[in-house]
Amino acid sequence: GVAISPSTTESILEQLRDDDDDDVKDAVAYRELPEEWRSLDNDEKIEKLKEDHAAADVLEILAKSSNWEIRLAVALQENTPEDVLKQLANDDYSDVQEAVLQRQLPPEWRRLSDSKKAEKIEEEGASPELLELLSNTTVHDLQCAIAQNPSTSEETLIKLIKASEANWRENSCSDSVDNLARENLYRRKIPNEFRAMEEEEIIE
């Protein structure tokens, strides 16, 4: 409340900038926001970022928020400045990092959840370039959809296999991504008449 108060002196604000509580530090930083943003709670800020084009100075302030969902919404804004994006590319949260990477996606893909992206790939397919961009995800279902898609390039499949092996060494359950990518690769190497067969048919 002190951080928000318009009559708080600069010396007190200087003290509050180093407060132990992230909400207090955010409240001090948010004093620089225009009134229309300052009066919103975190959820309302996130919704406004999703719906409106925010000014560059607003995005610079919100990119330093302690709330990762606000930083994620800033990363997804179409007019976020490059220097802010570089900052968010090294964010502590992988979701924020991924959002920066996926800005290169076509607009109709950006707002889809990871599960919806996986469904769209399975039902409609995607270009090799798009699948390469999406392959930076750490979401298991999306990795699986990419690993088994016939349009996924060999380079992307190999990247998924290597990432899967690294995760396996860290005791992460990613074996099915590895298997799907390897099967996708080997089916491209075998003669055409074998490619559509189930494993039992190939053995026969």
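This is a predicted model: local features need pLDDT of at least 70, side-chain atom pairs count only at pLDDT 80 or more; totals for chains, interfaces and linings use all residues.
Colleague: Where do Glu124 and Lys120 lie?

Modeller: Both residues belong to helix H10 (residues 114-124), where they are four residues apart, about one turn of the helix.

Colleague: Is Glu124 buried or exposed?

Modeller: Glu124 is exposed, its relative accessible area being 57%.

Colleague: How many salt bridges are there?

Modeller: The count comes to 14 salt bridges. Some of them share partners, and in this way Glu10, Glu14 and Arg17 are joined into one network.

Colleague: How far apart are the closest N and O atoms of Arg17 and Glu10?

Modeller: They are 3.0 Å apart, and the two residues form a salt bridge. Arg17 is partly exposed at 33% relative accessibility, and Glu10 is also partly exposed, with a relative accessible area of 47%.

Colleague: What about Arg71 and Asp91: are they buried or exposed?

Modeller: Arg71 and Asp91 are both buried. Their side chains meet in a salt bridge with an N to O distance of 2.6 Å. Arg71 sits in helix H6 (residues 68-76), while Asp91 is in the loop between helix H7 (82-88) and helix H8 (94-101), so this pair ties together parts that are 20 residues apart in sequence.

Colleague: Let us turn to the core. How many residues does the largest nonpolar core have?

Modeller: The largest nonpolar core has 22 residues. Those with the most contacts inside it are Leu33, Trp37, Leu49, Leu62, Ile70, Val74 and Leu88. Helix H4 (42-51), H5, H6, H7 and H8 each contribute at least two residues to this core.

Colleague: Which residues does Leu62 touch, leaving out those up to four places away in sequence?

Modeller: With that exclusion, Leu62 touches Tyr30, Leu33, Trp37, Lys45, Leu49, Ile70, Arg71 and Val74. One of these, Arg71, is the salt-bridge partner of Asp91.

Colleague: Which residues does the second core include?

Modeller: The second core is separate and has 19 residues, among them Trp109, Ala126, Ile161 and Ala181.

Colleague: Back to the helices. Which residues of H2 are buried?

Modeller: In helix H2 (residues 22-30), the buried residues are Asp26, Ala27, Val28 and Tyr30. They pack against helix H1 (10-16), helix H3 (35-38), H4, H5 and H6.

Colleague: What happens at the start of H2?

Modeller: There, a side-chain oxygen of Asp21 comes to within 2.7 Å of the backbone nitrogen of Asp23.

Colleague: And which residues of H8 are buried?

Modeller: Val96, Glu98, Ala99 and Val100 are the buried residues of H8. Their cover includes H6 and H7.

Colleague: I am also curious about two threonines. Where does Thr152 lie?

Modeller: Thr152 lies in the loop between helix H12 (140-147) and H13. Thr152 is buried, with a relative accessible area of 0%. Leaving out residues up to four places away in sequence, Thr152 touches Leu131, Ile146, Leu157 and Arg188.

Colleague: And Thr156, buried or exposed?

Modeller: Thr156 counts as buried, at 0% relative accessibility, and lies in helix H13. With residues up to four places away in sequence again set aside, Thr156 touches Leu131, Glu132, Ser135 and Ile146.

Colleague: What separates the C-alpha atoms of Gln15 and Glu35?

Modeller: Those C-alpha atoms are separated by 23 Å, for residues that are 20 apart along the chain. Gln15 lies in helix H1 and is exposed, at 57% relative accessibility.

Colleague: Finally, where is confidence lowest and where highest?

Modeller: Among the helices, H13 (residues 154-169) has the lowest confidence, with a mean of 81, whereas helix H5 (residues 56-62) has the highest, at 95. Over residues 169-173 the pLDDT is below 50, and that stretch has two contacts in the model beyond near neighbours in sequence. For the protein chain the mean pLDDT is 88, with 95% of the residues reaching 70 or more.

Technical notes: Residues are numbered from 1 along each chain as its sequence is written. Side-chain values use heavy atoms; hydrogens and water are left out. pLDDT is the predictor's confidence in each residue, from 0 to 100. Contact means heavy atoms within 4.5 Å. A salt bridge is a side-chain nitrogen of Lys or Arg within 4 Å of a carboxyl oxygen of Asp or Glu. Buried means under 20% relative accessible area, exposed over 50%, partly exposed in between (1.4 Å probe, protein chains only). A nonpolar core is a set of buried Ala, Val, Leu, Ile, Met, Phe, Trp, Tyr and Cys residues joined through side-chain atoms within 4.5 Å. A polar contact is a pair of N or O atoms within 3.5 Å; within protein, one must be able to donate a hydrogen and the other to accept it, and residues adjacent in sequence count only if both atoms are side-chain atoms.
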